[in-house]
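Below is a short briefing on one protein model. It covers a sheet, some single residues and the pockets.

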Amino acid sequence: MAELYADVRAFATEGPEIAWQHWLETRERLYRTHSQSPVPMADRPTFRIRRWAYDPALRFELPLEVDARAPSTAEPPALIALPNSGAEILAFRRIGRLTVPFETGDRFLSLFWMEGYAGGLFLPFRDDTNGTETYGAGRYVLDSAKSADLGGDPEQGMLVVDFNFAYQPSCAFDPAWACPLAPPENRLDVPIRAGERLV
C-alpha cells in the first residue's frame, strides 16, 4: 500500500485522474492476489471493483482547522473511541476538522489521529449512499496507518481529500475484519457518488 500511494502522489502531478486509474488497477489486483485481502477466497479470482466515474469536482486541497475543543495547544486532544465493527476498541484523537466546499454548500468532517497500531491520520465518512450503493457504516478517504495518504502540503497544514479515492473498509467484504467506523459527526447529508461502491 505504501508503494501504491507513493505512486498515486507522483502520478497526481501528471493528472489526478491518471493517479486514480493506477490506484483502481492496483487495488483490484491486490484484492484478488494479496494474502491479506479482505475479499473471501472463493470470490477473489473474478473480483472486480465497482466504482463511479472520476469526478474532478470531488477533489479538494483543504486546510486543517485545529480543533478548538482541545484544552490548549500544549495538551493533546482527549482520547476517544470511534464506532467499531468488532469488539476491539481503538483509541483516536480528534485533531481538527476540514471544511469541504461541495457544490451544494460547505460540509464539515473531523480528522482523527489513530493512537496505537501504526498511528496516522484517519478520515472516515458516511453519506447518503450508505446502505444502498456503499457499505452501510461508511467509507474511508485517508488512513495513513495503512499508507492511504493522498498528499498535500504539511508545512502549510494542507491535505488532499479526493473522494474519488474513497474505499470500503475491510469489514464490508468480510465481517471477520474489525474496522473503525465513521462517527455521527462525519455523516454527510449528501450522496458522494465517487470512489468504490458495492452495487
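In the class counts used here, Ala, Val, Leu, Ile, Met, Phe, Trp, Tyr, Cys and Pro are nonpolar, Asp, Glu, Lys and Arg are charged, and the others, Gly among them, are polar. The model is predicted: local features need pLDDT of at least 70, side-chain atom pairs count only at pLDDT 80 or more, and totals for chains, interfaces and linings use all residues. Residues are numbered from 1 along each chain as its sequence is written, and side-chain values use heavy atoms, with hydrogens and water left out.

**Pockets**

- A pocket is an open set of points on a 1 Å grid over the protein atoms alone, where a 1.4 Å probe fits and protein lies on both sides within 12 Å along at least five of seven lines; lining residues have an atom within 4 Å of a point.
- A volume is the space filled by probe spheres set on the points, which are joined across faces, edges and corners.
- The largest pocket has a volume of about 860 Å³.
- Its lining has 33 residues, and Gln-36, Tyr-117, Lys-146, Ser-170 and Trp-177 lie nearest the centre.
- Two or more lining residues come from each of α1, α2 (16-33) and β8 (139-143), and α2 gives the largest share, six residues.
- By class, this lining of the largest pocket holds 18 nonpolar, eight polar and seven charged residues.
- The second largest pocket has a volume of about 210 Å³.
- Among the residues that line the second largest pocket are Asp-55, Phe-60, Pro-101, Glu-103 and Arg-193; the classes are eight nonpolar, one polar and three charged.

**Sheet**

- Helices (H or I, at least four residues) and strands (E, at least two) are DSSP runs, numbered from the N terminus, and two strands pair if DSSP finds at least two bridges between them.
- Three strands make an open antiparallel sheet in the order β2-β10-β9, with β2 (59-63) and β9 (152-153) as the edge strands, each pairing on one side only.
- Two bridges join β9 to β10 (residues 158-162) in the antiparallel sense, and Asp-153 has Met-158 in β10 as its bridge partner.

**Single residues**

- Buried means under 20% relative accessible area, exposed over 50%, and partly exposed in between (1.4 Å probe, protein chains only).
- Glu-3 belongs to helix α1 (residues 2-11) and counts as exposed because its relative accessibility is 68%.
- Arg-94 is in strand β5 (residues 91-102) and counts as buried because its relative accessibility is 16%.
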